[in-house]
Amino acid sequence: MAILFSSKTDDPEPWRAALAAHFEDLDFRVWPDDGGDPADVEFALVWAQKEGALKHYPNLRAIFSLGAGVEHILRDSNLPAGVPIVRLVDAQLTRDMTEYVLAWVLYYHRDHHRYRAQQAARQWRALPPVVAADRQVGILGLGELGRASASALAGLGFRVRGWSRTAKEIEGVACFDGAGGLGEFLDGVEILVCLLPLTPETRGIVDGALLAALPAGACFINAARGGHMVAADLVAALASGHIAGATLDVFEPEPLPAADPLWSHPGVNVTPHVASITYHKTAAAEIVEDIRRIRDGGRARHVVDPAKGY
Ligand code: NDP
Ligand code: OXD
């Protein structure tokens, strides 16, 4: 069975090894030196493929994203028509994202951003504590990742609210939906976490107006995509003191250029797109399950709706 691998950033070898453990007849081809007859290729595993590259495979049955996001596939205006695009849903990916969100929410909740500033000034001063039950955390996006983070935070006793496109019911989480529900969702959110997919609707959503709707001293964690955030608006909100801190894992462009002022901003923590990293073994097992379903005449489980963009 021929599988095409195409990624500018991922090493193909661990994927080859992980898939070879499941398929004895694996013919693993790495774009562009894919060799052989393109007509043999049934499946593609991709991260930000070259525009139009997938059109050269007439018998492609599914395109798998190497991660949860799919905007890196959908930005290609020359995709083969009718071939399902499948996003990655993997329990390990979800666990890792939950850890990242918990770590940084706790950082802000326990005032580590303020203690860091106090340390720089050699200032020994205990800040008045706020208990989790009095802390309002908001999650933009209640999908696989957002829902798990929201539930974990609720389990720690935080007041949690979440926002999604369609209505949700999640135990311990106040749910808001749609453009009409955004204002009510934001009201009183002291720590805001972005876990939305990047789509034409969500690009630039975290702008000056959204940040202004948060209470003074709020903090922001972006573990989704750099394109969700208007960086200049965030820097202005930090400068005014309205936003007290930001943790950013994702940027546009990536890597974050060395000259970007965000690197040295005292109110910003930068991580290099590591909130949740795809593990070859667990991810390959999910992809293999879908390949088996398709080959048995069924459908992959997490097919993207190109019209929605996620
Ligand atoms: P899902 O597709 O499972 O969930 C997306 C959520 O966003 C859904 O709740 C959806 O609403 C909501 N949503 C989408 N569009 C809108 C909108 N216009 N208005 C309101 N809500 C909206 O995605 P995942 O949870 O699996 O992943 C989310 C994103 O996290 C990925 O797309 C990726 O960009 C990012 N990511 C980042 C990583 C990192 O290391 N930094 C690692 C993995 C993922 P509804 O439920 O109603 O459809
Ligand atoms: C993903 C990512 O989308 O790692 O999975 O960003």
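Trainee: How many residue pairs are in polar contact across the interface of domain 1 and domain 2?

Mentor: This is a predicted model, and across that interface five residue pairs are in polar contact, both residues of each pair being at pLDDT 80 or more.

Trainee: What classes of residue does domain 1 present on the side that touches domain 2?

Mentor: That side of domain 1 has five nonpolar, three polar and three charged residues.

Trainee: And how many salt bridges are there between domain 1 and domain 2?

Mentor: The count between the two domains is one salt bridge. Glu71 forms a salt bridge with Arg225, and their closest N and O atoms are 2.6 Å apart.

Trainee: Which parts of the chain make up each domain?

Mentor: Domain 1 is assigned residues 2-90 together with 278-295, and domain 2 is assigned 92-270. The domain centres, taken over C-alpha atoms, are separated by 32 Å. For the contact itself, domain 1 supplies 11 residues and domain 2 supplies seven residues.

Trainee: How much area do domain 1 and domain 2 bury between them?

Mentor: They bury about 780 Å², with 56% of it on carbon and sulfur atoms. On the domain 1 side, Glu71, Asp90 and Tyr279 supply 56% of the area buried against domain 2, more than any other three residues.

Trainee: Why is an area quoted for an interface?

Mentor: The accessible area lost when the parts come together is often used to give the size of an interface.

Trainee: Let us turn to the ligands. Which residues are around ligand 2?

Mentor: They are Trp47, Gly67, Ala68, Gly69, Arg225, His273 and Ser276. By class, this shell divides into two nonpolar, four polar and one charged.

Trainee: Where do N or O atoms of the protein approach an oxygen atom of ligand 2?

Mentor: In the side chain of His273, an N or O atom is 2.6 Å from a ligand 2 oxygen. For the side chain of Arg225 the separation is 2.7 Å, and for a backbone N or O atom of Gly69 it is 2.8 Å. Taken alone, ligand 2 exposes 210 Å², and the protein buries 85% of that.

Trainee: How many residues surround ligand 1?

Mentor: Ligand 1 is surrounded by 28 residues, and the closest are Arg165, Thr166, Lys168, Asp249 and Tyr310. An N or O atom in the side chain of Lys168 is 2.7 Å from an oxygen atom of ligand 1, while a backbone N or O atom of Leu145 lies 2.9 Å from a ligand 1 oxygen.

Trainee: What does Arg225 do around ligand 1?

Mentor: One of its polar side-chain atoms lies 3.3 Å from an oxygen atom of ligand 1. On its own, ligand 1 has 950 Å² of accessible area, of which the protein covers 93%.

How values were computed. Residues numbered from 1 in each chain as written. Chains lettered and ligands numbered in written order. Predicted model: local features only at pLDDT ≥ 70, side-chain atom pairs only at ≥ 80, totals over all residues. Heavy atoms only, no water. Near = heavy atom within 4 Å. Polar contact = N/O pair within 3.5 Å; in protein donor to acceptor, adjacent residues only side chain to side chain. Areas by Shrake-Rupley, 256 points an atom, 1.4 Å probe, with all protein chains shown as cover. Nonpolar A, V, L, I, M, F, W, Y, C, P; charged D, E, K, R; others polar. Domains from an automatic or database assignment. Contact = heavy atoms within 4.5 Å. Buried area = accessible area lost by both parts, 1.4 Å probe. Salt bridge = Lys/Arg side-chain N within 4 Å of Asp/Glu carboxyl O.
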